[in-house]
Amino acid sequence: MDIAAYMADVGQQARAAASLVARSTTLVRNRALLATAEALDAARETLSVANQQDLATGRESGLDAAMLDRLELTPARIDAMIEGLRQVAALPDPIGEITGLTYRPSGIQVGKMRVPLGVIGIIYESRPNVTVEAASLCLKSGNATILRGGSEAIHSNQAIARCLGEGLAAAGLPEFAVQVVKTTDRAAVGELITMPRYVDVIVPRGGKGLIERISRDARVPVIKHLDGVCHVYVDSHADPEKALNIAVNAKTHRYGTCNTMETLLVDREIAADILPLLAGAFIEKGVELRGCEQTRAIVPEAVVANEADWQAEYLAPVLAVRVVDGLDGAIEHINRYSSQHTDSIVTENYTRARRFITEVDSASVMVNASTRFADGFEYGLGAEIGISTDKIHARGPVGLEGLTSQKYVVFGDGHIRT
């Protein structure tokens, strides 16, 4: 296959489809989403067979447990994909919304109208459910999309692509509105990220190495986060039961996700009382603890943590633990080592909670909640196309609004500038 020619064709088709999707009605786009949900429900067995093929290949090629977990399409995850499509269909359509319309002294009215970005390229690894999440959000927000999944999920993604095609056809939308790249050749990624003529924005979802490469080589704007070094800080004013439940959930609910807690911070005032309880719960679940000197004095089972541990995204049953000097020490540590993804405080003190959410510079900041909630589905976005730790355009879970832009609109009645 001539990869450059193939990707150019994909880009041209996406650009042509984008204009048709942008002027389609909300009803039509919702019809495509709901029809895709029905197609997925009817294709459960086909999806499972394709996914088992990918899992078998992954095991043979030595994929680690975290990658295999991301790759697996369980019945519950298929249910979640279907529910996500229905939720996105039920969300308000942002396209065409005009805000801030005001009269100027000249008599004209000036406002901003929300519009699609155009063609969005998504590059991702392992998780085939991303195919549905990304496609649904791009379609609902009036965009065409080019999806390039990892080679390890090729059979799963192509099976899902057929369901997406059925949904588009049922709504009368062009088949090229959602394209799943058919080749596993990595050269396709290089072409996709250097086609500004056809692609308006790139969203990479995957490991740090992938995202660093995309950010370095892309000639198209990128919405991204590099890693998820997420913290939970247990304040001296925390409810011990809440702290235990939140910390254990944040780490052990799923190990291989970017919103999993990787560092636990504990206020020095309560460390001697609460750390043994927390450590016992983690050790019972098979989590390796890597602690600072004060932590190891309280929890002998912890191994020595080094500087690299405070910056690590383990994506595994390993947790860094540090005793800090109160709220100031926690905020200082987080703003130094955090990847600005998601950080949480457990406290019953309102003033301290307010300081934490004000001074911690992350895309999601939480009070008395597990970091695992940092997710588009949980935030009511229906699904997410990714998490952004950038500070312009979109930040945090990127849903419909993050896949749109705004243009100025001006209304006059024969007005001329004098």
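1. Contact here means heavy atoms within 4.5 Å. The model is predicted: local features need pLDDT of at least 70, side-chain atom pairs count only at pLDDT 80 or more, and totals for chains, interfaces and linings use all residues. Residues are numbered from 1 along each chain as its sequence is written, and side-chain values use heavy atoms, with hydrogens and water left out.

2. Start with Arg29, a residue of helix α2. Helices (H or I, at least four residues) and strands (E, at least two) are DSSP runs, numbered from the N terminus. Arg29 has 2% relative accessibility, so it counts as buried. The cut-offs: buried is under 20% relative accessible area, exposed is over 50%, and partly exposed lies in between (1.4 Å probe, protein chains only).

3. What does Arg29 touch, leaving aside its neighbours within four places in sequence? Its contacts are Val21, Ser24, Asp93, Ile95, Leu139, Lys140, Ser141, Gly142 and Leu173. Ser136 is 107 residues away from Arg29 along the chain, yet their C-alpha atoms are separated by 9.2 Å.

4. Helix α2 covers residues 26–42, 17 residues in all. From first to last C-alpha it reaches 24 Å, close to the 24 Å expected at 1.5 Å a residue. That expected span is 1.5 Å times one less than the number of residues. Buried residues of α2 include Val28, Asn30, Leu33 and Leu40. The buried residues of α2 pack against α1 (3–22), α3 (44–60), α5 (75–90), α6 (129–140) and α7 (154–171).

5. Look next at α2 against α6. The two pack at about 165 degrees, with axes 9 Å apart. Axes are lines fitted to C-alpha atoms, for helices over the stretch in contact, and angles run from 0 to 180 degrees between N-to-C directions. The pair is therefore roughly antiparallel; angles under 35 degrees count as roughly parallel, over 145 as roughly antiparallel, 65 to 115 as roughly perpendicular and the rest as oblique. From α2 the contact uses Thr26, Arg29, Asn30, Ala32, Leu33 and Leu40, and from α6 Val132, Ser136, Leu139 and Lys140.

6. Helix α10 (residues 240–252) has 13 residues, which should span 18 Å at 1.5 Å a residue; its end C-alpha atoms are 18 Å apart, which agrees. Its buried residues are Ala243, Ile246, Ala247, Val248, Ala250, Lys251 and Thr252. Their cover includes β7 (230–234), β8 (261–267), α11 (268–284), β11 and β12 (342–346).

7. Where does Asp325 sit? It is in the loop between β11 (318–324) and α13 (326–337). Asp325 is exposed, at 53% relative accessible area. Its C-alpha is 18 Å from that of Val299, 26 residues apart along the chain.
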